[in-house]
Amino acid sequence: MELQMLWFGLWGLLWAVYFMLDGFDLGVGILAPFIGKSEMEKRILINTVGPVWDGNEVWLLAAGGVTFAAFPTTYAYMFSYLYAPLLIILFALIGRGVSFEFRGKVDSDSWRKTWDIALFLGSLVPALLFGVAFGNIFQGLPMDAQGYHGSLLTLLNPYGLLAGSLFLLLFLEHAAIWVSVKTEGELEARARALAAKLWWLLLLAAAGFLVLTAFATKLYINFMSSPACFAVPAAAVIALLGMKMLISGKKSVAAFFSSCVTIVTVTFTGVIGLFPNLIPSSLDPRYSLTAFNSSASQYTLKIMTLVVAIFIPIVIAYQVWTYIIFKHPVTEKDLSDPDSGAY
């Protein structure tokens, strides 16, 4: 296997892991104003993701870092052509991170409401725009020898918005199931009931996305040339259907793992369809950025492969340990302890 192919697969894997992990804490930030009926319930919701949200975002840095180091030409063009939406995502993530830290620093309703809004917008905007960005990458950007011929509004086309809606619903469903795992009593029941309702909207968005993808993109060409690849979207459909059965059976932990599989397989369905393109051109395929014409040198890729082989297992081990330490549901008693360090 050529190193470019290996790193294209790792690029897709890092994005899939990021969406799987940060997806539920972005979703909790969006859902908190709606399913948290009291200040204590809102604190419980925030603390279900408090110990892990920043660790989850390490995978965003890893995905961005791999794009920069393994495919520097793609990174340069992407941050030039998509400067405005990427900057909006960055500002939203900064506001969200600050809201976690500042919300509980002053005992004032208006202060908390201000940071609740920052948490909501800082979670909603990235969840939606990541989907819009990948939807536009799937269908190709209008670029040629003269550069990029689009704007921020160009990205808000029907297919991009549908992809954004799909990502948003995936993250909301993921978050509702996560809350049902990490809480007890009425909050747990409310989250499970919400997950059951959101699932139907997610199914509708997923079906619409699969159909429109056939007309708006060229992703299915790779699947038609290698039918075995259909196993990946088939796994996504099975995991999505299994998620509904597990939610109805009140098996929240299993439903959460099923949701994880759904997000990873949905992401890889897009990555397989893209190969070897990282950013295809919708105007002329000659100007598409691929894993081969935008990669770093073979020497750089060899060094990166060695570094990843050493450090990625360490990061995974640390994160698994964190999830094991904080595996228990968050309760009012936990937040009443002044030494707990809760938000």
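Q: So how do the side chains of R103 and D116 meet?
A: R103 and D116 form a salt bridge, 2.5 Å from N to O. The term stands for a side-chain nitrogen of Lys or Arg within 4 Å of a carboxyl oxygen of Asp or Glu. R103 lies in the loop between α6 and α7 and D116 in helix α7, so the pair ties together parts that are 13 residues apart in sequence.

Q: Before we go on, what kind of model is it, and how are the residues numbered?
A: It is a predicted model, where local features need pLDDT of at least 70 and side-chain atom pairs count only at pLDDT 80 or more, while totals for chains, interfaces and linings use all residues. Residues are numbered from 1 along each chain as its sequence is written, and side-chain values use heavy atoms, with hydrogens and water left out.

Q: Thanks! Are R103 and D116 buried or exposed?
A: R103 is buried, with a relative accessible area of 6%, and D116 is buried too, at 15%. Buried means under 20% relative accessible area, exposed means over 50%, and partly exposed is in between (1.4 Å probe, protein chains only). The areas come from the Shrake-Rupley method, and for residues only the protein chains shown count as cover.

Q: Which salt bridge does D116 form with a lysine?
A: The partner is K42, with the closest N and O atoms 4.0 Å apart. D116 sits in helix α7 (residues 109-139) and K42 in helix α2 (residues 39-49), so this pair ties together parts that are 74 residues apart in sequence. The helices are DSSP runs of H or I with at least four residues, strands are runs of E with at least two, and both are numbered from the N terminus.

Q: And what surrounds K42?
A: Leaving aside neighbours within four places in sequence, K42 is in contact with A32, G36, R103 and D116. Contact here means heavy atoms within 4.5 Å. K42 is partly exposed, with a relative accessible area of 23%. L31 is 11 residues away from K42 in sequence, and their C-alpha atoms are 9.7 Å apart.

Q: How many salt bridges does the structure hold?
A: There are 12 salt bridges in the structure. Another one joins R286 and D284, at 2.8 Å from N to O. R286 counts as exposed at 66% relative accessibility, whereas D284 is buried at 19%.

Q: Which residues do shared partners join into one network?
A: That network takes in E39, K42, R103, D107, D109, R112 and D116.

Q: Switching to the backbone: where is the cis peptide bond?
A: It joins F275 and P276, with omega about 0°. P276 is in the loop between α13 (252-274) and β3 (277-279).

Q: And what about the phi of K250?
A: K250 has a positive phi of about 55°, although it is not a glycine. For background, most residues other than glycine have a negative phi, and most peptide bonds are trans. K250 is in the loop between α12 (231-248) and α13, and it counts as exposed at 61% relative accessibility.

Q: Now the surface. Which residues form the nonpolar patch?
A: Y299, I303, L306, V307, I310, F311 and I314 do, with about 720 Å² of accessible area together. Patches are made of residues with over 30% relative accessible area and no salt bridge; like charges are joined within 9 Å, and nonpolar side chains (Val, Leu, Ile, Met, Phe, Trp, Tyr) within 5 Å.

Q: Which residues gather in the patch of negative charge?
A: E184, D334, D337 and D339 gather there on the surface. Asp and Glu count as negative and Lys and Arg as positive, with His and the chain ends not counted. The place of a charge is taken as NZ of Lys, CZ of Arg, CG of Asp or CD of Glu. D339 is in the segment after α15 (332-336) and counts as exposed at 71% relative accessibility.

Q: Last one, G12: what does it touch?
A: Not counting residues up to four places away in sequence, G12 touches T267, F268 and V271. G12 is in helix α1 (residues 3-35) and counts as buried at 0% relative accessibility. G12 and I272 are 260 residues apart in sequence and 8.8 Å apart in space, C-alpha to C-alpha.

Technical notes: Areas by Shrake-Rupley, 256 points an atom, 1.4 Å probe, with all protein chains shown as cover.
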